[in-house]
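Subject: Structure for you to look at, with notes

Dear colleague,

I am passing on the structure that follows, together with notes on what was found in it.

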Amino acid sequence: MWRFGGLALAFVLGACQASSGPAAGAVDLASAGNSLQSDLQLVSSLPAPVGTNQGRDVPIARDDLLKIDVFQVDELDRTVRVDSNGRISLALIGMVDAAGKTVPELEHDIEKIYGVKYLQNPEVSVFVQESAGQQVTVNGAVRSPGIYPISSTATLLQVIAQAGDLAEIADTSKVYVFREVGNGKFVANFDIGEIRSGQRPDPRIFGGDVVVSFSSGTKIAMKNLREALGMATNVARIATF
């Protein structure tokens, strides 16, 4: 597990200035300027990554752990890990390409192969139990900042739990998620208190996202937010190579 808590926290907290005003958690778009807004857009809801069918289909990656369920043929059920060549080994049919395919695509391919020789109208379900190829960076006011693998159905609350929960100094209303989608860069603000109380949905988190929690008493401007997220993103990229 990659950990860089002190450095990451310095990135985030060093980018902010103390404030006791009531709007300390708000992003000051008016002072950001059009040039800053053009390369980092503040949105209320983050768009899903490209090619994921609005987040429903996340490509399988090498080292993912998959559960294969063949309906009413228990002896063919398997829990397998995608190897370094992007393949999985299944009973009777041997090696099957998996990496880069979505879950529905892999289900269709396995059904087709089993249907040629062994089964009539097979029904195959694939579940991603661990998604080692999907990682998220969690920085700032959390107990254990770092880079964490996430499942294909991960949510913001689950990711924060992986990082040991918010630190005591955190402001639950100042949690930001950064995502690159195509050529666009987006960031959204989430109030963890509202999510936990059911007032707001728990958003999906995808591989490559950056989650930053700010402490209480900090004033967040768009420029400083962009700098903090940019630093965190650069650290994440270095750590994954």
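Two strands count as paired if DSSP finds at least two bridges between them, and the helices (H or I, at least four residues) and strands (E, at least two) named below are DSSP runs, numbered from the N terminus. This is a predicted model, in which local features need pLDDT of at least 70 and side-chain atom pairs count only at pLDDT 80 or more, whereas totals for chains, interfaces and linings use all residues. Residues are numbered from 1 along each chain as its sequence is written, and side-chain values use heavy atoms, with hydrogens and water left out.

I begin with a hairpin. Strand β5 (residues 87-90) and strand β6 (residues 94-97) run antiparallel and are joined by four bridges, with S89 standing opposite M95 in β6. The two strands form a hairpin with three residues between them, and L92, in the loop between β5 and β6, has a positive phi of about 75° although it is not a glycine. L92 is also exposed, at a relative accessible area of 54%, where exposed means over 50%, buried under 20% and partly exposed in between (1.4 Å probe, protein chains only). Strand β5 itself has a covered face, made of I88 and L90, and an uncovered one, made of R87 and S89.

A positive phi also occurs at D165, another residue other than glycine, where the value is near 80°. D165 lies in the loop between α4 and β10 and is partly exposed, with a relative accessible area of 30%. E168 is placed in the loop between α4 and β10 as well, and at 74% relative accessibility E168 counts as exposed. The C-alpha atoms of E168 and R143 are 8.4 Å apart in space, while the two residues are 25 apart in sequence.

Next comes the interior. A nonpolar core is here a set of buried Ala, Val, Leu, Ile, Met, Phe, Trp, Tyr and Cys residues joined through side-chain atoms within 4.5 Å. The largest such core has 25 residues, and those with the most contacts inside it are V136, V138, L156, V159 and V211. Two or more residues each are given to this core by β8 (135-140), α4 (156-162), β10 (170-181), β11 (184-190) and α5 (192-196), and the largest share, four residues, comes from β10. If its neighbours within four places in sequence are left aside, L156 is in contact (heavy atoms within 4.5 Å) with several residues, including V175, V177, F190, I192 and V211. Apart from this core lies another, of 21 residues, among them L76, V80, L90 and V96.

The structure holds one aromatic pair. Y176 and F214 form this pair, which is edge-to-face, with 5.7 Å centre to centre and 90° between the planes; rings of Phe, Tyr and Trp (its six-membered ring) pair if their centres lie within 6.5 Å, and planes under 30 degrees apart count as stacked, over 60 as edge-to-face and the rest as tilted. The pair links distant parts of the chain, with Y176 in strand β10 and F214 in strand β12 (residues 210-215), 38 residues apart, and both Y176 and F214 are buried.

Last, the charged side chains. A salt bridge is a side-chain nitrogen of Lys or Arg within 4 Å of a carboxyl oxygen of Asp or Glu, and by this rule the count comes to seven. In one of them R81 meets D63, with the closest N and O atoms 4.0 Å apart; R81 lies in strand β4 (residues 78-81) and D63 in the loop between β2 (41-42) and β3 (65-70), so the pair ties together parts that are 18 residues apart in sequence. D109 forms a salt bridge with K101, the closest N and O atoms being 2.5 Å apart, and K101 lies in the loop between β6 and α3 (103-117). The side chains of R179 and D209 also meet in a salt bridge, at 2.8 Å from N to O, and this pair links strand β10 with the loop between α5 and β12, 30 residues apart. R179 counts as buried at 3% relative accessibility, and D209 counts as buried at 1%.

With best wishes
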